[in-house]
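Please open the structure in a viewer and keep the selection tool at hand.

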Amino acid sequence: MEDNKEMTEGKRLEEELTFSFPHIGKDAPDQVKEAEAFCEGYKAFLDTGKTERECVAAAVKLLGDAGYEPIDFKKSYKAGDKVYFVNRNKSLIITTFGQKPVAEGVRLNGAHIDSPRLDLKPNPVYEKNEIAYFKTHYYGGIRKYQWGTVPLAMHGVVVKKNGETVNICIGEAENDPVFCVSDLLPHLAAKQNERKLGEGLKGEELNIIIGSIPFADETVKEPVKLLALKLLNERYGITEADFFRAEIEMVPAQKAKDVGLDASLVGAYGQDDRVCAYTALMAEVETKLPTYTTVTVLADKEEIGSEGNTGMNSDFLKNYLERLAQMEGSDVKDLFVNSLCLSSDVNAAYDPTFPDVFEAANSCYINKGCVLTKYTGARGKSGSNDASAETMAKVISIMEENGVYWQAGEMGAVDQGVGGTIAKYVAHMDIDTVDLGVPIISMHSPFELASKLDIYNTWKAFVAFYK
Ligand code: MN
Ligand code: MN
């Protein structure tokens, strides 16, 4: 920095009138170590929660350890009390009661805990040419060609005929087998190479190999399939008919890893949007005696449009807020109109290898902090919440007053980006809402990248938001 006396008028004006977001590593190098330490817990959370149900279970355990209790709507709570509400084992609402009545508004933070993956079809098991397979139907926006030759783990639940629920998990323990979708060798791929990238692997080619040894009995029609079923039966007591009462998700078996010689990035499956879920959860737990009541939501089904009664396009959150208002004898409409919501979701980080799809001045970058996304949508902001200037101002001032590194970013260049979040569903309730989250490279791939400094500052933003 030049001395003030030597500063030219132009230089002075430049500093006063222009603006750009700093690189945290240059501006606050001390945060590198702090962010690293924070992300150890995050990586463990990613490895424990690879499905929405597993994330709910992991969060509930963490909440129990932190003194939270299941909410009882007949009870009355005082400031500082901590409760949670589980919606059908797949989404979760968490509250720390504030000093002000909820009629003066709550601080809402909504992230989602479902991620793109390969779901098993209802009747998934088959045998072809003496290999046993699972048939899949992909969930959410995946680039199908990325899912071939990737080790996959089997996660989910089966509700047996007798009503018993069995938790399935194969492929995570050190000595567990994994599963895989095959792809062609280059020597035989000349014709496949002519396909458009989006059809590199087609939906009905996402078949997962589960076995190749037959059950030794000449009279059996499909002995390889039978042996696979026998092994599943030995492990979980299930039969082929049980798949009709199941939700099985095939997800990357890879554990969360540090990426780069400087270990500055986290590489893992499902960071969209468990990165916001974890940071929101940790901020919620840390909140002791907030001014406004906190409402932290970990939602399901965002990746398929927030549909279903565990997604945000249902009334489960509205019903919860109504009950909060009823508990203190106020009108929920006052709660809605006075509340502020962060729709916490990831955005696409500028990728220097693919500059064409970004507009450099309005993109978010790794290591510049959490990204405030005014609008998402397609074409002319279609389907977007488009936060107001007033809402932007409120959230920006919360972050600036608390020394949070933040940046602004669009979802790609105009007419390139297509995307949506839960923001519009919360806004629909008459609540001021804006998107905020972590920039991600390779979003929706089996191995997404996020910067530790950005993750750390997103957590700091959420802590400040709840103060
Ligand atoms: Mn997301
Ligand atoms: Mn997504």
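Select Glu303 to begin: the residue is buried, with a relative accessible area of 12%. Here buried means under 20% relative accessible area, exposed over 50%, and partly exposed in between, with a 1.4 Å probe and protein chains only. This is a predicted model, in which local features need pLDDT of at least 70 and side-chain atom pairs count only at pLDDT 80 or more, while totals for chains, interfaces and linings use all residues. Residues are numbered from 1 along each chain as its sequence is written, chains are lettered from A and ligands numbered from 1 in the order in which they are written, and side-chain values use heavy atoms, with hydrogens and water left out.

**The manganese ion (ligand 2)**

Next, select the manganese ion (ligand 2). Its protein donors are Asp272 (OD), Glu303 (OE), Glu303 (OE) and His444 (NE2), at 2.1 to 2.6 Å. Donors are N, O and S atoms within 2.8 Å of the metal (3.2 Å for Na, K and Ca); water is not among the atoms, so sites may look incomplete. Along the chain, the donors of this ion follow the spacing D-x30-E-x140-H. Asp272 lies in helix H7 and Glu303 in the loop between strand S14 (293-299) and helix H8 (316-327), so the pair ties together parts that are 31 residues apart in sequence. Helices (H or I, at least four residues) and strands (E, at least two) are DSSP runs, numbered from the N terminus.

**The manganese ion (ligand 1)**

Stay on Asp272, which counts as buried at 3% relative accessibility. Asp272 bridges the manganese ion (ligand 1) and the manganese ion (ligand 2), which lie 3.3 Å apart. Now select the manganese ion (ligand 1): His112 (NE2), Asp272 (OD), Asp345 (OD) and Asp345 (OD) coordinate this ion at 2.1 to 2.5 Å. His112 belongs to strand S4 (residues 106-112) and Asp272 to helix H7 (residues 271-286), so the pair ties together parts that are 160 residues apart in sequence. His112 is buried as well.

**The sheet**

Show the strands. An open sheet of nine strands runs in the order S1-S2-S3-S14-S4-S15-S21-S17-S19, with mixed pairing. Its edge strands, S1 (69-70) and S19 (406-408), each pair on one side only. Two strands pair if DSSP finds at least two bridges between them. Within the sheet, select S15 (residues 340-344) and S21 (residues 432-437), which pair in the parallel sense over five bridges. Leu342 has Val434 in S21 as its bridge partner.

**The last stop**

Finally, select Leu188, in the loop between strand S9 (180-181) and helix H5 (190-193). Leu188 is exposed, with a relative accessible area of 58%.
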